[in-house]
Amino acid sequence: PATRPDQTFRTGSRHPIGYVDSNADGDDGAPLTDYDVIGSPEAGSGLFSLASVEDLSFVCIPPLARDRDVGPGTLMVAARLCRERRAFLVVDPPAAWDTCDDVLQGLRELDFRSEHALMCFPRVVAFDRLRGRAETFANCGAVAGTLARLDEQRSPWEPGPDDELLLRLGTRPRRLLTEAERQRLAAHGVNPLQALRSANPRPLPLKTLAGGAAESAEGALLTTQRRRLLVMNSIEIGTRWALFAAPERGVWRKLERQVQSFLQPLADAGLFGPPGEPGAFQVVCDERLNGADEVAAGRINLLVSLRTARPGTYRSFVVTHAREGGRVRPGRSVVLPSTARLGVDAEELANAAAEAQRQRTVAQALYGYYREPRPPAPSLVVRNSTPITTPAGGLDPETIARIHRELGGSLQRF
C-alpha cells in the first residue's frame, strides 16, 4: 500500500498484537522457471535485481524445486553477471550426480566453464524441518558460508596454502570421498566437500570451473582468483573520486601514487610472488590511456598489471570511471625490462633490402626475362694502353659502350 497500515489492537486492549489471522485462500503461484530466475534488465527483476548491490561476493541460485535443477541458460547469465561484478557463482551439482564417474561425465555434458564459478561435490544431508527428517539439499549455501567463515579465520590478504572446505556440525556430505576420488575431482575443477579433515598433510588447492578455458594457469585457482578480484574491487571503489576531479596530469599522477601505495604492502607480504623482488606490479595512468577522446567523454582509465606465478608474466586490468559508473575489464600489456632498448641496425636493413631486390618471383622465373641489377651510373670502359684487337666482323669496345649509352641500358641479357 501507499501508506503504512494502522496497528491492529486486540479487542478491549490498548496494546497492539504481533500476529493477525489471515484467510487460507492464498495462492503460491506457478512453479518457478529459469525465466523467473533470470528476470528482466528493464524491470530490474531476477538476477538483474543484484545490480543495485554494492558489495557482491557470492551468487547462489538454489534449485527451482526439490526435483528440478537450475538450467544451463540461467548459469550462463549468472556467470556473466559475476564476471561484470567481479563476484563468484556457486554452482550446485545436479541431483543425479551420485558418484565420481557421474560428476566427470556430467561435466562433459554440461560444458559450462567460467573463471568466476565454482562447484563442490557432493550434496549435503541436513534435517528438514518441514518433513521432520533428514533430507538431501543443494550445497551452494553451505559452500558460500564455509568460504565466508574461512575469510574470518584467515584474512584473504594473507598468502598461504588453501584450507579444506569443512561442513559445520549437523550437516554432512551425502557420501564420503576417498583420497583418490578427491584427487580426480580436483583435477577437473570440482572441490571435494567433507565433514572431517583428510589425512593428507598437503590439502588440495581450491579450484574454479575454468578448466582449459582459463586465460592463465592462475585462473583455475580459486584463492588466487578471489584475491585478484578483491584487489581490483578495492582499487575501483577507492579511486571513484577521480571522476569528480579535473582531467589533468596532476590527477593522473595522484591516482598512480594512490594505487601504488595500496599495492606495495601486499607485494611486500608476498601476494604477487616472492617478496622483495622488484616489478611485482605496474600502474599506468597517463596520456597513453587518457587521450583527447577519453577526456572529452569524461572517462578516466587506469591500467593495473599484477605479476603472476609465472616469471615475467602479468595479469592486466583496466579500471574505467565514467558518468555511467565504474567498471573493470581485462587488458593486455607488455612489460619490457628497464635495460631494453629499441633500435634499427642500418647494415642489416640495407642487406635485407638488397636481398629483396635480388629475389625473383615464380612468374618471373617461369615466363619473364631476368634483368640483371646494374648500378645507376652509366657503364665506364677502361681504356688500356694496349689496343684491343677487334675480331673480323665484330664491334670494337668503344662502339659497344656508345650503343649501350644511347639505349639507356635497356638491353636484355639472354
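I began with Ser234: setting aside neighbours within four places in sequence, this residue is in contact (heavy atoms within 4.5 Å) with Trp157 and Phe262. I was working on a predicted model, where local features need pLDDT of at least 70, side-chain atom pairs count only at pLDDT 80 or more, and totals for chains, interfaces and linings use all residues. Numbering runs from 1 along each chain as its sequence is written, and side-chain values use heavy atoms, with hydrogens and water left out.

Next I checked how open Ser234 is. Its relative accessible area is 31%, partly exposed (buried is under 20%, exposed over 50%, partly exposed in between, with a 1.4 Å probe and protein chains only). I then took the C-alpha to C-alpha distance from Ser234 to Phe262: 9.3 Å, for a pair 28 residues apart in sequence.

Helix 6 (residues 222-238) packs on helix 7 (residues 249-268) at about 155°, the axes 11 Å apart. The axes are lines fitted to C-alpha atoms, for helices over the stretch in contact, with angles from 0 to 180 degrees between N-to-C directions. That makes the pair roughly antiparallel (over 145 degrees; under 35 is roughly parallel, 65 to 115 roughly perpendicular, the rest oblique).

I listed who meets whom: Val231, Ser234, Ile235 and Gly238 from helix 6 against Gln258, Val259, Phe262, Leu263 and Leu266 from helix 7. By class I get 6 nonpolar, 3 polar and no charged residues (Ala, Val, Leu, Ile, Met, Phe, Trp, Tyr, Cys and Pro are nonpolar, Asp, Glu, Lys and Arg charged, the others, Gly among them, polar).

Then I turned to helix 5 (residues 179-187), where Glu181, Arg182, Leu185 and Ala186 are buried. Down the axis these fall within an arc of 130°, so they line one face; the arc is that of the directions from the helix axis to the C-beta atoms. Ala180 and Ala187 are exposed on the other side. Among what covers the buried residues I noted helix 3 (100-110), strand 3 (117-121) and strand 7 (191-192). Just after helix 5, I found Gly189 with a positive phi of about 85°.

Last, the whole chain: I have 11 helices and 11 strands, and 34% of the 414 residues count as buried.

Conventions
Helix = DSSP H or I, 4+ residues; strand = E, 2+ residues; numbered from the N terminus.
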